[in-house]
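Subject: Structure handover

Hello,

Please find the structure below. My notes on it follow.

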Amino acid sequence: MLALLLRDLRLATRAGGGFGLSLAFFLIVTVLVPFGVGPEGGILARIAPGILWVGALLSCLLSLDRIFALDREDGSLDLLATAPIPLEGVVAAKALAHWLTTGLPLTLGAPVLGVLLHLPGSGFAWLTLSLLLGTPALSVIGTFGAALTVGLKRGGLLLSLLVLPLYIPTLIFGAEAARRGSEGLATATPLLMLAGITAGAVAMLPFASAAAIRVNLR
Amino acid sequence: MILGVHDLAVTRGGIAILDGVGFGLRAGEALILRGPNGIGKTTLLRTVAGLQPPRAGRMELPPEGAAYAGHADGLKATLSVTENLTFWARIYGQSDIAPALAAMELEALAGRPAQNLSAGQKRRLGLARLLVTGRRLWLLDEPTVSLDAASVGLFAKAVRRHLASGGAALMATHIDLGLDEARVLDLTPFRAKPAAPGQGGGFDDQFDGAFA
Amino acid sequence: MSIWEYANPKKFMQTSSWALPWVTGLAVVTLLTGLVWGFFFTPDDFRQGATVKIIYIHVPSAMMAINAWAMMLVTSLIWLIRRHHVSVLAAKAAAPIGMTMTLIALFTGAIWGQPMWGTWWAWDPRLTSFLILFLFYLGYIALWEAVDDPDTAADLTSVLCLVGSVFALLSRYAVLFWNQGLHQGASLSLDKEEHVADVFAWPLWISMAGFVLLFITLVLLRTRTEIRSRRLRALEARERMA
Amino acid sequence: MVELGKYAGTVLGAYGVTLALLLGLVWMTLRQGAKMRKRLEAQEKRMGRNG
């Protein structure tokens with residue numbers, strides 16, 4: 001499983017691996033927002049936590065269909081399914097690789113983009129913390145969506161349609177924590193809820209994803 | 001007995017295509033599945049590999065499972081030959097890839113990214129993957145597609161060595177593999193007959209008479 | 001005679017064709033009674049005026065929107081555990097009905113909200129939850145449409161329904177939390193049924209029964225269509241092979 | 001006719017939308033059902049009823 005994780009990380013960082021693509025997308029979305037709502041600092045500061053969360057979520061979405069589609073095309077998925085590691089482990093390793101190449105860079109990049117959006121000083125720590133707690137859930141849920149649509153030729157759009165509603169609770173609690181943090185309010189409740197969602201998703205969803213892949217391979 | 005298949009029925013897209021297939025493979029034996037296109041060779045192999053459930057029948061597999069090689073080789077274009085092979089070796093809990101590289105004469109290409117290999121070289125790398133799985137039973141789907149005569153010879157040699165060391169191989173192909181000692185099983189007689197009305201066990205056969 | 005016999009398509013077709021006229025008739029009568037009574041023969045609410053009449057469609061449709069999903073969850077589970085095809089086809093049949101019910105609840109809520117709150121749409125926790133439920137229906141139906149092989153589609157949609165149910169429930173609590181965070185309970189709620197006066201209660205009960213019966217009628221009709229479509233598929237495959 | 005007062009548009013609109021959606025759903029259900037029944041009958045006739 002470690003071997004699989006390392007291979008996926010290596011693939012992502014090689015040419016054409018798409019590493020950094022979602023980070024660039026995140027940057028562009030964030031830059032576009034002031035063009036849409038105007039350059040006034042007060043408004044930007046107020047919506048910054050939400051914009052950064054929505055931006056991170058969309059950037060995460062961008063790379064989901066690569067999780068299994070490439071392995072399906074070149075036959076690796078068949079071979080992995082017949083390999084001596086459980087498919088649940090394969091799915092978990094893939095989700096972790098996705099988080100390390102997408103969620104983690106987004107988390108680290110968000111504070112920088114926060115500067116662009118006049119995020120209040122008190123908000124940076126909470127924004128980073130909420131993303132750190134929430135993005136693993138985004139990766140795991142996204143892996144589930146990718147597993148559902150792996151057999152489809154044009155699954156990309158459907159994948160978004162399936163995954164976005166599942167992202168709602170994570171987004172609500174994550175953005176709420178970041179917003180409360182930037183307004184200097186208590187953040188414990190949303191952060192705990194967020195951690196709870198992530199823990200639950202990480203614990204349960206790999207089983208659902210593995211089941212979906214088995215169905216799609218047969 | 002390494003592989004035993006009894007009265008197996010397999011489906012493709014929910015429709016029975018083969019019925020009553022039975023054969024056995026002992027250590028050191030190779031069996032070649034033959035039959036016209038679409039008869040269900042690939043489906044049978046995938047069923048034996050555990051990628052899809054059989055519709056009926058029984059299979060006895062080695063406890064550690066089988067090594068399956070399908071139409072695609074499972075290679076990553078941007079990884080080198082060594083990296084590709086090391087990855088699969090580690091997945092199967094092995095570490096030494098040198099013998100496999102040697103057997104398929106890939107040493108000279110070891111550092112080259114898979115995307116720069118010719119079709120035949122890719123196929124050889126795919127077959128080298130089998131050697132690092134450490135599995136006794138090989139399930140091969142069209143293993144010699146896009147191989148030239150010399151490479152087919154290499155392949156035959158690798159299979160013979162595998163058989164000699166107590167392994168077994170089940171292969172689907174319609175071209176000559178250069179393995180004259182292998183038994184051949186023609187799947188044509190096992191083609192599933194369209195179920196007589198009301199006779200099939202599946203959901204789709206339960207309807208007859210429902211709309212009279 | 002066990003309930004699982006109805007999982008046999010033949011048995012289901014026979015029973016449903018016998019039951020359909022009765023259920024249909026009952027649904028029409030109950031629905032008409034409830035709605036006509038509610039529309040013509042109930043007094044106006046002292047505060048909400050005539051808009052209270054919307055309750056007779058809003059509340060039953062909202063109830064059925066949730067019940068339809070619950071029924072899909074149960075039938076999907078039956079499919080995953082016992083592999084009864086009729087069960088999962090019933091889930092497929094129920095999805096568009098549930099989606100329509102969600103739409104009705106949303107539209108009537110918005111139309112009601114206009115004079116009450118002065119706006120077509122408020123991010124009231126209930127309305128928002130229904131909007132999210134609508135998205136879940138959309139995804140479920142889209143997945144059915146996208147997958148060719150019927151058994152694969154059945155498995156995938158059932159897993160989605162299972163996971164979706166958990167996340168839909170989570171969303172509901174998240175939305176409650178989120179909106180309180182926004183404006184501290186200042187929002188009006190459509191939450192009326194808890195204190196409905198007796199004059200409104202009877203037609204509402206009848207109307208709810210009518211919606212349930214309508215749902216059953218439509219599920220039966222649509223499940224029959226789905227079974228026929230499976231039968232057609234099987235026949236076409238048989239023809240190709242012969 | 002009942003007196004709906006200043007909320008006539010609201011109430012009638014709500015009932016109208018509901019009726020339209022429900023009738024649409026019923027119509028779709030019946031049409032799909034009829035179409036499928038016809039296709040199946042044609043297929044069964046072609047295959048000699050027994051399949």
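Strand 1 (residues 3-12) of chain B pairs with strand 2 of chain B in the antiparallel sense, over 7 bridges. Two strands count as paired if DSSP finds at least two bridges between them. Helices (H or I, at least four residues) and strands (E, at least two) are DSSP runs, numbered from the N terminus. In strand 2 of chain B, A16(B) is the bridge partner of T11(B).

Before going on, the ground rules. This is a predicted model: local features need pLDDT of at least 70, side-chain atom pairs count only at pLDDT 80 or more, and totals for chains, interfaces and linings use all residues. Residues are numbered from 1 along each chain as its sequence is written, while chains are lettered from A and ligands numbered from 1 in the order in which they are written.

**The open sheet in chain B**

The pair above belongs to an open sheet of 3 strands in chain B, with order 2-1-4 and antiparallel pairing. Strand 2 (15-25) and strand 4 (56-60) of chain B are at the edges, each with a single partner strand, so one side of each has no neighbour in the sheet. From one strand to the next, the twist averages 25°. Helix 1 (residues 41-49) of chain B packs on this sheet and touches strand 1, strand 2 and strand 4 of chain B. The direction of this helix makes about 120° with that of strand 1 of chain B. Contact means that the C-beta atoms of two residues, placed from the backbone, lie within 7 Å. Axes are lines fitted to C-alpha atoms, for helices over the stretch in contact, and angles run from 0 to 180 degrees between N-to-C directions.

**Strand 6 of chain B**

Strand 6 (residues 137-141) of chain B has 5 of its 5 residues buried, so it is largely enclosed by the rest of the structure. A residue is buried if 20 or more other C-beta atoms lie within 10 Å of its own, exposed if 12 or fewer, and partly exposed in between; the C-beta atoms are placed from the backbone. L137(B), L139(B) and D141(B) point one way from the strand. W138(B) and L140(B) point the other way. Strand 6 of chain B has parallel pairings with strand 5 (residues 66-69) of chain B, over 4 bridges, and with strand 7 (residues 168-172) of chain B, over 5 bridges. A66(B) stands opposite L137(B), and L170(B) opposite L139(B).

V184(B), in strand 8 (residues 183-186) of chain B, is exposed, with 11 other C-beta atoms within 10 Å. V184(B) touches I32(B) and R34(B), leaving out residues up to four places away in sequence.

**Chains C and D**

Of the 5 pairs of chains that touch, C and D have the most contacts. Here 24 residues of chain D meet 32 residues of chain C. The chain D side has 12 nonpolar, 9 polar and 3 charged residues. Ala, Val, Leu, Ile, Met, Phe, Trp, Tyr, Cys and Pro count as nonpolar, Asp, Glu, Lys and Arg as charged, and the others, Gly among them, as polar. Chain A and chain D do not touch; their nearest C-alpha atoms are 23 Å apart.

Chain D has 1 helix and 0 strands. Of its 51 residues, 18% count as buried. The axes of helix 3 of chain C and helix 1 (residues 8-46) of chain D come within 9 Å and cross at roughly 170°. That makes the two helices roughly antiparallel (the cut-offs: under 35 degrees is roughly parallel, over 145 roughly antiparallel, 65 to 115 roughly perpendicular, the rest oblique). The residues of this helix contact divide into 12 nonpolar, 6 polar and no charged. Among them are W112(C) and F107(C) in helix 3 of chain C, and V17(D) and L21(D) in helix 1 of chain D.

Helix 7 (residues 123-148) and helix 8 (residues 156-182) of chain A have axes that come within 9 Å and cross at roughly 170°. Helix 7 of chain A is therefore roughly antiparallel to helix 8 of chain A. Their contact has 16 nonpolar, 9 polar and no charged residues.

The largest nonpolar core has 208 residues, of which I141(A), L85(B) and L139(B) touch the most other members. A nonpolar core is a set of buried Ala, Val, Leu, Ile, Met, Phe, Trp, Tyr and Cys residues joined through C-beta atoms within 7 Å. Leaving aside neighbours within four places in sequence, I141(A) is in contact with V163(A), L166(A), Y167(A), A201(A) and L205(A).

Best wishes
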